[in-house]
Structure formats: C-alpha cells, structure tokens
Amino acid sequence: MKEKLKKIVDKFHQYNSEHMAAQAFGLSEDITYDALVVAPSYSPYKLHIENQCKVTTLKEGAYIAGYLVEKDGLKIAWIKIGSSAGNLIDHLALCAELTFKRIIFIGAVGGLKEEFKMGDVCTPSYSISGSHADSYLMKDTIRDTMLFEKVFPNLTYVDEVVNIGKKKGYNIKKASVFCTPSLALEYAHLDEIKSFDTDLIEMETSSFYLMTELFELPGIALLVVSDNSASGAALVGRTDEEQEQYDYGRNVVLPDMIFTLAAEEQ
C-alpha cells in the first residue's frame, strides 16, 4: 500500500471509527482473502454464483452489501456498491483495513462503437477520467484537476488476464473507456463524449485503476456490454437474443474468470 493511501485512511479514521470495512460490509480484518470483488449493483446472487459455491451474506444496507464467497478453498470478499467514481473511491478506501491478494472490478458498460456487441466482455486499455472525484483522490489540492486525463492499468497484467480468458475460450476485448459522472446526462453530451474516440462508456474504471495503483496490488476490470448507443442496442427493452448474450457474459464468463483469477498464484 502506498503512503498516500495510508494517509487517506488515517485521516478518514481521525473523524470516524476503526474497523469501517467490518461495519460497512461485515468483512474481517483477520482473514486473508484471495480476492476482493468490487461490483456496482452486482451481488453474487445476481450472477447466480450461489449455484456453484457457498455464498454468505455478511451485511446488507440501503445500497451497499458485503458477501463472503467460498469455493475450493478460496475465500473471496465481495462488496456491492453504488455507481459513480465517488462511491468506488470511498468504499475501496474502507477496504484498506482488509488483507487481500488482488482486486477484481465487475460491471456493465455501454458501447460507443458498433463492433461491441451485447454480452461482450471487455477490459480497459485505458480509461478517461470524466469525474472530479479523481482529482480529490490524486491531486494535492482540489483546485487542481485531472479531468479527461487517461488512466492506464497495468497492461502486463491486463494481457495476462486476456490470455487466461483465451485459454478458457473467452474473447476478452481490450477497449478504451470514457468514465462519465452521470448516466442521464451522458446522452445530452454524447456527441462531445464521442469526440474522445473511446470504445466504451461507464462510470468507475479510471477511479478503480487509480485506487489499485495505491493499493499496489494486481487489479483488473471486467465489463459486460449492456447496451450500445451506436448500434441502437438498448439498455432497457432488449430483445430475447440480446438478453441471452448479455446473460452469458454476466452469468457465465464473469463468475468463471473471478474464480480462475482468485486461484492464480501471485
């Protein structure tokens, strides 16, 4: 963990209690987890993971929840959070009290180019920061900005994950991502957003990779295409075929990759 993250957490504790991850998510500081899964709106049950292994609901709040997923000796901490960069940063900061070996972000993503089909599983080649929350995280003063800066993952690890997926028969696509702070307003600014020439749009991956860097741990974002404004594939009102494709990416590829990556030796 980098010193910057230690200072963030120490300052957080100055005005709040200890053991915040336990209070928010029911997760234990005494367990070394094989992975931490961070999922805006996705619970293990939404991916039907309970059909493959043991899932224990540790704590559920109004819009966040914590789970323990256990399979073949693996212990995976899973936090369901709200959408947005701020939620991602806040709840990962709480998890700095925990011990885990890697971080896996899963979520939905919208396509901005026609070649990205419903249910495709993608991972960012880079993410463009569209939220001022990232400036709060990375800049020394909130008067500075990193709006529209590119945030890169560890591309060596990204390639490793893509190759692991390929061996399992999955075509995980590397793609650029624009991170928007608003779903409703992205459509009003869609032409401007498309001028950045990214392939996909979602809300959190720039913040996720900035936090992963501060944790100094392997991290990967796995995103399932849920709609595409370029091809007209709708988020609400999918065809039966589109729903089947989406369900395969979300309910088959994501769980299998989570378990496979959690079992990898560092």
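In which strand is Thr-123 found? Select that residue in the viewer, keeping in mind that this is a predicted model, and you will see that Thr-123 belongs to strand 8.

Next, select strand 12, which spans residues 219–228 and is mostly covered, with 10 of its 10 residues buried. Strand 8, residues 121–129, pairs with strand 12 in the antiparallel sense over two bridges, and if you pick Val-121, you can look across to Val-224, its bridge partner in strand 12. Then move to strand 7, residues 103–111, which runs parallel to strand 12 and is joined to it by nine bridges.

For the last stop, turn to the second largest pocket, which holds about 230 Å³ of space. Select its lining, where you will find, among others, Lys-4, Ile-8, Phe-12, Tyr-136, Asp-140 and Thr-141. Helix 1 (3–15) and helix 4 (133–138) each supply at least two of the lining residues, and the largest share, five residues, comes from helix 1. If you colour the lining of this pocket by residue class, five residues are nonpolar, one is polar and five are charged.

Definitions and conventions. Residues are numbered from 1 along each chain as its sequence is written. This is a predicted model: local features need pLDDT of at least 70, side-chain atom pairs count only at pLDDT 80 or more; totals for chains, interfaces and linings use all residues. Side-chain values use heavy atoms; hydrogens and water are left out. Buried means under 20% relative accessible area, exposed over 50%, partly exposed in between (1.4 Å probe, protein chains only). Helices (H or I, at least four residues) and strands (E, at least two) are DSSP runs, numbered from the N terminus. Two strands pair if DSSP finds at least two bridges between them. On a 1 Å grid over the protein atoms alone, a cavity is a set of points where a 1.4 Å probe fits but cannot get out, and a pocket is an open set with protein on both sides within 12 Å along at least five of seven lines; lining residues have an atom within 4 Å of a point. Grid points are joined across faces, edges and corners, and a volume is the space filled by probe spheres set on the points. Ala, Val, Leu, Ile, Met, Phe, Trp, Tyr, Cys and Pro count as nonpolar, Asp, Glu, Lys and Arg as charged, and the others, Gly among them, as polar.
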